[in-house]
Amino acid sequence: MSESLKNVQEDIIEEFSMLEGDMEMIINYIIEIGDQMDPLDENARTEDNIVKGCQSKVWMSAQIADGKIQFQADSNTAVTKGLVSILVRVLSNQTPEAILNEDIFFPEKIGMNRFIGTQRSNGFGSMIKQMKIYALAFSAKKTSNA
Amino acid sequence: MNNTIATLNIEAIREEFPVLSQQVNGKPLVYFDNAATSQKPKSVINALTHYYENDNSNIHRGIHTLAERATADYEDTRALTQRFINAGEKEEIIFTKGTTDGINLVSQAYGRKFLNAGDEIIISEMEHHSNIVPWQLLCGQTGAVLKIAPIDDQGDIIIEEFEGLLTEKTKIVSIVYISNTLGTINPVKHLTSLAHKAGAIMMVDAAQVTPHEKIDVKDLNCDFLVFSGHKMYGPTGVGVLYGKRSLLEKMDPYQGGGEMINDVTFEKTTYNDIPYKFEAGTPNIADVIALKEAILFIQNIGHDNIQAHENDLLKYGTEQLSKLDGFIPVGTAKQKASVISFNIEGIHPFDIGMLLDAKGIAVRTGHHCTQPLMNRLQIEGTVRASFAVYNTMAEIDRLKEGLEDIIKKFR
């Protein structure tokens with residue numbers, strides 16, 4: 001059984017709390033975790049997979065297996081790649097229902113707004129929205145197949 | 001670190017800017033985003049609070065003491081602005097919201113009246129969106145055609161190509177004096193004479209010029225010139241449109257309302273004289289009054305001194321940053337203002353901007369509102385460090401060290 005959405009978020013809050021609000025450490029940490037993310041399939045880097053509303057380019061794709069969604073993503077900038085990798089970690093291995101219904105509380109708890117700024121927070125919001133759209137699509141497909 | 005300016009006491013100048021003494025992300029702020037907006041000296045900030053605390057009232061028609069004081073101060077700024085850019089008369093100075101507002105005013109109040117289908121407007125490849133989009137709107141409204149003067153790889157307008165675009169159909173030429181992205185100082189006096197020879201009027205976007213260089217509109221002989229207060233140590237929300245009287249008088253008003261009228265009946269309205277014809281409604285009184293202090297701040301230091309210091313910063317900054325691994329300068333024009341636009345091989349400008357901010361260093365990253373220029377140069381964006389009179393060589397050292405540290409992480 002995969003970790004609950006709540007638990008993954010709490011892990012992330014814990015990790016960020018160790019950075020003690022030091023902006024340089026936070027940004028470097030975000031870049032580092034982005035580096036460790038599984039690379040996006042080359043043929044998923046299409047215009048269709050670009051997340052709209054982000055200042056940097058973000059590509060995202062998703063598959064469902066055993067009722068759980070797996071997200072893959074990439075970005076042309078290291079910081080954004082790190083940010084999207086956090087979301088991939090939080091929302092992958094979850095059911096569409098969990099993604100649609102559960103609270104995404106970690107951005108506020110780690111003070112995301114403070115270190116990525118209002119404009120980029122909007123981009124971050126667009127990524128979450130896109131992931132929920134995937135969840136909705138998979139959930140609708142499941143219902144129609146049932 | 002070297003200090004070549006003996007006459008300027010930069011530390012004393014910095015004392016005038018309260019914002020500069022703060023820590024950002026635990027480090028002393030280095031503010032290198034001056035081409036976006038400059039910081040404000042105490043005299044400007046105090047003028048704003050003084051106005052609201054003592055003189056606040058509506059101008060021009062009030063007969064009471066406060067209205068009289070506010071009107072006198074507002075008109076004082078106009079007279080000072082006239083001398084600041086050497087305009088022939090103060091009625092040729094129109095207060096706007098900023099550079100963008102000034103360009104839109106001319107494009108609508110002049111362009112819509114005098115341009116017809118097939119007429120041509122020339123801009124350059126290095127224009128800010130604010131000197132592109134208003135003309136595109138005008139072309140849509142009139143059927144006029146927008147022509148683009150190309151630049152070379154260094155970031156200079158190719159004069160022969162510019163000349164080649166000028167024909168009897170050319171009605172307006174609108175060119176940036178100093179490029180916000182490249183720092184190129186364009187030969188606007190020469191371009192103006194070429195435009196005039198073709199029978200076109202010349203508009204100059206001087207948004208980046210006023211804090212750095214003396215402007216003399218009589219010498220340039222341009223027909224219109226626009227700039228913003230906030231880039232020259234003044235408040236946001238106020239700008240200036242200079243226009244030759246003969247042109248301003250034959251233009252229609254830009255907006256209708258109070259202040260800009262002479263006599264109103266439901267049948268017919270007659271308009272006020274210039275400059276009021278173009279200042280409809282209650283203007284931005286406080287910011288106009290504070291703009292005077294920004295001009296005085298520049299004049300007290302002197303454009304020559306400011307320019308000498310900024311040229312030193314530009315020279316030192318270019319030398320130092322050129323030593324960085326993978327440094328790619330963007331914009332190496334023959335005549336440059338104190339702007340260094342660059343890329344670092346293999347690192348996105350956005351990442352550099354975020355990491356510099358974490359080190360307390362404010363730069364601009366992205367396309368700088370010049371997307372067509374980015375397309376011409378085939379780049380996504382740049383990192384831009386732009387200097388003002390209060391910047392120091394030590395701050396450039398901080399930028400260089402910061403960049404070295406970032407480059408190390410990415411290699």
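Predicted model: local features only at pLDDT ≥ 70, side-chain atom pairs only at ≥ 80, totals over all residues.
**The chain as a whole**

- Chain B contains 14 helices and 17 strands, and its radius of gyration of 22 Å is close to the 22 Å that the globule rule gives for 411 residues, so the chain is as compact as a globular protein of that length.
- Taken along the principal axes, the box filled by the C-alpha atoms of chain B comes to roughly 75 × 55 × 35 Å.
- Of the 411 residues of chain B, 50% count as buried.
- If one considers the contacts in chain B between residues at least 6 apart in sequence, 71% of them join residues that are at least 24 apart.

- On the side of domain 1 of chain B, 25 residues are in contact with 23 residues of domain 2 of chain B.
- The elements of chain B that each give two or more residues to this side of domain 1 are the helices α11 (303–322) and α13 (371–377), together with the strands β14 (339–344) and β17 (382–386).
- With four residues, α11(B) gives the most to the side of domain 1 that touches domain 2.
- Sorted by class, this side of domain 1 of chain B has nine nonpolar, 11 polar and five charged residues.

**An open sheet and its helix**

- Four strands of chain B, in the order β13-β14-β17-β16, form an open sheet with antiparallel pairing.
- The edges of the sheet are held by β13 (327–330) and β16 (364–366) of chain B, each of which has a single partner strand, so one side of each is left without a neighbour in the sheet.
- On average, and with direction ignored, neighbouring strands of this sheet are turned by 30 degrees against each other.
- The antiparallel strands β13(B) and β14(B) are joined by four bridges, and B:Phe327 stands opposite B:Ile344 in β14(B).
- Helix α12 of chain B, which spans residues 349–358, lies across β14, β16 and β17 of chain B, and runs at about 155 degrees to β16(B).

Definitions and conventions: Residues numbered from 1 in each chain as written. Chains lettered and ligands numbered in written order. Contact = placed C-beta atoms within 7 Å. Nonpolar A, V, L, I, M, F, W, Y, C, P; charged D, E, K, R; others polar. Pairing = 2+ DSSP bridges. Axes fitted to C-alpha atoms, helices over the stretch in contact; angles between N-to-C directions. Rg over C-alpha atoms; globule rule 2.2 N^0.38 Å. Buried ≥ 20, exposed ≤ 12 C-beta atoms within 10 Å, placed from the backbone.
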